Amino acid sequence: MFNMVVFGPPGCGKGTQAAKIVEKYGFLHVSTGDIIRRQISKGTAMGQLLEKFTARGLLVPDSIILKEIWRFALEHQYEKGIIFDGFPRNLYQAQMLDRIFNKKEMRINLVVSIDVHEDELMRRVIERGKTSGRIDDNAEVMHNRLLVYFSQTQPVIEYYRKNKRLETVHGIQPVEQVASHIDAALQKRLSI
Ligand code: AMP
């Protein structure tokens, strides 16, 4: 099994790139943002709670996310691979992911960090907001999402760099070019 994380700030292209990898390698794609939005759309008490965080650009509680991820990973442990998108979002989630994977002799083989500067991220998310219908794709909430990214999520990069699973890709180039850099990183790891 080959497991990877597509990592980066909101608007860097994680979802787009994950879809390309799915197409080529047949891995499964799990987006924690999508899981949360599905819960919110059900209108349950849990959904209403999650919406309070998401609408303000804040991370939802780790315990909720980890439960969903663990359930997904257990259910799909015999697949070719999983692409995690939007997870892990802080150091605790990254450490817990390794810990729960260890128990099943699974591991994260590769983390691809897509690098895009702040102005471009803001521009892309505002543009996406015109059609996405997402309550958090606007300048005000995006401002918070970026603050959360830089304070809580970005430190995760160092965690993966230290244990040599990190590859960084420049994200301001045509989608196909970003995809081919990711593909090269993936091929390199698959051959190890
Ligand atoms: P995304 O679609 O990945 O941008 O996620 C949208 C929102 O869902 C985030 O702003 C958070 O409120 C929440 N979310 C997604 N993934 C996580 C995660 N791994 N940990 C905590 N909150 C998350």
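Helices (H or I, at least four residues) and strands (E, at least two) are DSSP runs, numbered from the N terminus.

## Basis of the model

This is a predicted model, in which local features need pLDDT of at least 70, side-chain atom pairs count only at pLDDT 80 or more, and totals for chains, interfaces and linings use all residues. Residues are numbered from 1 along each chain as its sequence is written, and side-chain values use heavy atoms, with hydrogens and water left out.

## Ligand site

The ligand sits in the largest pocket. A pocket is an open set of points on a 1 Å grid over the protein atoms alone, where a 1.4 Å probe fits and protein lies on both sides within 12 Å along at least five of seven lines. A molecule sits in a pocket if more than half of its atoms lie within 2 Å of the grid points.

Around the ligand there are 16 residues, of which T32, R37, L58, G86 and Q93 come nearest; a residue counts here if one of its heavy atoms lies within 4 Å. By class, the shell holds six nonpolar, five polar and five charged residues (nonpolar: Ala, Val, Leu, Ile, Met, Phe, Trp, Tyr, Cys and Pro; charged: Asp, Glu, Lys and Arg; polar: the others, Gly among them). Helix α2 (residues 32-42) gives the most to this shell, namely four residues.

A polar contact is a pair of N or O atoms within 3.5 Å. A polar backbone atom of L58 is 2.6 Å from an oxygen atom of the ligand. Side chains also take part: an N or O atom of R89 is 3.0 Å from a ligand oxygen, and a polar atom of R134 lies 3.3 Å from a ligand oxygen. The protein covers 96% of the 480 Å² of accessible area that the ligand has on its own (Shrake-Rupley method, 1.4 Å probe).

## Salt bridges

The whole structure contains 16 salt bridges, each a side-chain nitrogen of Lys or Arg within 4 Å of a carboxyl oxygen of Asp or Glu. One of them joins E68 and R71, at 3.3 Å from N to O. Because E68 and R71 are three residues apart in helix α4 (residues 62-75), about one helical turn separates them.

## Backbone exceptions

Most residues other than glycine have a negative phi, and most peptide bonds are trans. The peptide bond between F87 and P88 is cis, with omega about -5 degrees; P88 is in the loop between β3 (81-85) and α5 (91-103). E105, in the loop between α5 and β4 (108-115), has a positive phi near 55 degrees.

Methods
Polar contact = N/O pair within 3.5 Å; in protein donor to acceptor, adjacent residues only side chain to side chain. 1 Å grid on protein atoms, 1.4 Å probe; cavity = no way out; pocket = protein on both sides within 12 Å on 5 of 7 lines; lining within 4 Å.
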